[in-house]
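Subject: Structure handover

Hello,

Please find the structure below. My notes on what was found in it follow.

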Amino acid sequence: MSSVSSFVVLRDGPETLESVRKAITCVTADSERVVVAHCGNNEHFTPTGQTEIVNGVSVPVYAWSYTTAIAE
């Protein structure tokens, strides 16, 4: 992981995926994307360039892009 805060805000993904996510639980988190394992798939999110204040901290916002199956 590099250049992503310890929390990210996820937008437009599956309804069952919480909107504020700890980056440490992401499969990949860098300045280009965040990938989250969720319900047997990888949910891919890209940076929006926006931030949101969460608990007094500015957090980067990522928007959902696409889903891929988790390789076994």
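Arg 11 is partly exposed, with a relative accessible area of 33%; the term covers values between the cut-offs for buried (under 20%) and exposed (over 50%), taken with a 1.4 Å probe and protein chains only. Before going on, note that this is a predicted model, in which local features need pLDDT of at least 70 and side-chain atom pairs count only at pLDDT 80 or more, while totals for chains, interfaces and linings use all residues. Residues are numbered from 1 along each chain as its sequence is written, and side-chain values use heavy atoms, with hydrogens and water left out.

The side chain of Arg 11 forms a salt bridge with that of Glu 52, at 2.1 Å from N to O. By salt bridge I mean a side-chain nitrogen of Lys or Arg within 4 Å of a carboxyl oxygen of Asp or Glu. Because Arg 11 sits in strand β1 (residues 7–11) and Glu 52 in strand β5 (residues 41–54), the pair ties together parts that are 41 residues apart in sequence. Glu 52 is also partly exposed, at 28% relative accessible area.

The whole structure holds two salt bridges. The other pair is Glu 18 and Arg 21, whose side chains meet at 2.8 Å, N to O. Here Glu 18 is partly exposed, with a relative accessible area of 41%, whereas Arg 21 is buried, at 13%.

On charge overall, the protein chain carries 4 positive and 8 negative side chains, and the centres of the two sets are 6 Å apart. Lys and Arg count as positive, Asp and Glu as negative, and His and the chain ends are not counted; each charge is placed at NZ of Lys, CZ of Arg, CG of Asp or CD of Glu.

As to the fold, the protein chain has six strands and zero helices. Both are DSSP runs numbered from the N terminus: strands (E) of at least two residues, helices (H or I) of at least four. The radius of gyration is 11 Å, close to the 11 Å that the globule rule gives for 72 residues, so the chain is as compact as a globular protein of that length. That radius is taken over C-alpha atoms, and the rule is 2.2 Å times the number of residues to the power 0.38. The C-alpha trace spans about 40 × 25 × 20 Å along its principal axes.

Finally, 31% of the 72 residues count as buried.

Regards
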